[in-house]
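Here's a quick briefing to read alongside the structure. Have the viewer open and click through the residues as they come up.

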Amino acid sequence: MHCVQSVTESIYWIGGNDRRLERFENMFPIPKGVSYNSHIILDEKTMVIDTVDQSIRMQYLENIKYILNGRDLDYLVVNHMEPDHCGNIEDLLKLYPKMKIVGNAKTFKFFEQFYNISSPENYYSVKEGDVVDLGKHKVQFFNMPMVHWPEVMVAYEQTEKILFSADAFGTFGALNGNIFTDQVDFEGYYLSESRRYYTNIVGKYGVQVQMALKKLSALEIKIIAPLHGPIWRDNIDYLLDKYNKWSSYVPEKQGVVIVYASMYGNTENVANCIANKLAQQGVKDIKVYDVSKTHPSYIIADAWKYSNLVIASPTYNGGLYLVMDALLHELSSLSFQNRKVTILGNYTWATGALNSIKEHLSKMKNIEIVGEPLDINSSIKHDQETLLDEIVQEIVKSL
Ligand code: FEO
């Protein structure tokens, strides 16, 4: 059966959810599932804005046919060509062969790369600021390159002041019937997943997101409808503030994330002792992660949230423990920057981890090293406690 909801009187959410998929992009765990949002505007002309992933194809086609109720589909907007939003373009072309596919030159190029179909007679190319007139509704397009792919556009419906924002402002987490943020406990249920989505998927492109925010600030926006997660129809300034912080690499909170690697518990012991001492110094909300246990996407999200990071790792094959090496490489690839970092290495016969951590950090912008880097020789001893105390004092001072 169809499963749709109205967003406004003539605009409907026609998307769906996937709670079976283990990993988004086959990389990021999504224990709360994910939604693929699509919308339709019913006016003198009809317009669908983005399709959905193939995994929910049957539901999606049923939704569209129900809402159109025998009408033709005039326009399909493709704001983003990533396949999680384009799994049904070919289906719609078969059902509505006269529909115009609204995109830009890169959209159509990517479309022909992904699919064994070329349909130039259906292409309706738009440039920055172009408007498609549906009758009462007028839909204007703005380019948002690299948020999250180069072809990305957003669609702004001028009459109802709705921004269809592509991946921007989206989140992991399926929609549980409530499709609006004002119907859910956003901070309690979605915020951490929203941060994890942003940092891991779009985090690298902070400069481009800043440019996008500047462009959007000229628009009066009443509703933001992203491609994943709930729709915003109030508290939009809260969301914009989060995006502003995330994309400018400004921490949301003064606090400490401790991430360690440990084979036999000795480096773990140092991490626990530092956490313990920080707590006794009054530091609250400390996060401690074993890099081998927790998926990096969660650690990255918290590294983005807090001001301070403590990295502790043993040497491995003369270099850095491989899982920690991968995490730091990922942080660096995501343009992680502007943080206070404390580093600890461990070695038994030849040091390697500490220098390798420093090398990773040297590739990141505006990293302040807090405390004297400490290289432990296999395990920390009672008579070295003052070294840890000094490090903890430096971290507390930096908060
Ligand atoms: Fe939700 Fe970049 O695709």
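Asn338 comes out as partly exposed, because its relative accessible area is 27%, which falls between the 20% cut-off for buried and the 50% cut-off for exposed. You'll find Asn338 in the loop between helix 9 (322-333) and strand 21. Its phi is near 65 degrees, a positive value in a residue that isn't glycine. Keep in mind that this is a predicted model.

**Strands 21 and 23**
- Strand 21 covers residues 339-347 and pairs with strand 23 (residues 374-377) in the parallel sense, over 4 bridges.
- Tyr347 sits opposite Asn377 of strand 23.
- Which residues of strand 23 make up its covered face, and which its uncovered one? Leu374 and Ile376 are on the covered face, while Asp375 and Asn377 are on the uncovered one.

- Another part to look at is an open sheet of 5 strands, ordered 12-13-14-15-16, with mixed pairing.
- At its edges are strand 12 (131-133) and strand 16 (223-225), each of which pairs on one side only.
- Going from one strand to the next, the twist averages 20 degrees.
- Strand 13 (residues 138-143) and strand 14 (residues 153-157) run antiparallel and are joined by 5 bridges.
- Gln140 has Tyr156 of strand 14 as its bridge partner.
- The loop between strand 13 and strand 14 holds Met146, another non-glycine residue with a positive phi, here near 70 degrees.

**Asn104**
- Is Asn104 buried or exposed? Asn104 counts as buried, because its relative accessibility is 10% and the cut-off for buried is under 20%.
- Asn104 belongs to the loop between strand 10 (100-103) and helix 3 (105-114).
- Setting aside neighbours within four places in sequence, Asn104 touches Ser125, Val126, Asn143, Glu151 and Met153.

**Helix 4 against helix 8**
- Helix 4 (residues 186-202) packs on helix 8 (residues 296-305) at about 95 degrees, and their axes are 9 Å apart.
- That makes the two helices roughly perpendicular to each other, because angles from 65 to 115 degrees count that way.
- On the helix 4 side, the contact is made by Glu193, Arg195, Arg196, Tyr198, Thr199 and Asn200.
- Helix 8 contributes Ser297, Tyr298, Ile300, Ala301, Trp304 and Lys305.
- By type, the residues of this contact split into 5 nonpolar, 3 polar and 4 charged.

Definitions and conventions:
Residues numbered from 1 in each chain as written. Predicted model: local features only at pLDDT ≥ 70, side-chain atom pairs only at ≥ 80, totals over all residues. Heavy atoms only, no water. Pairing = 2+ DSSP bridges. Axes fitted to C-alpha atoms, helices over the stretch in contact; angles between N-to-C directions. Parallel < 35°, antiparallel > 145°, perpendicular 65-115°, else oblique. Contact = heavy atoms within 4.5 Å. Nonpolar A, V, L, I, M, F, W, Y, C, P; charged D, E, K, R; others polar. Buried < 20%, exposed > 50% of the residue type's maximum accessible area, 1.4 Å probe, protein only.
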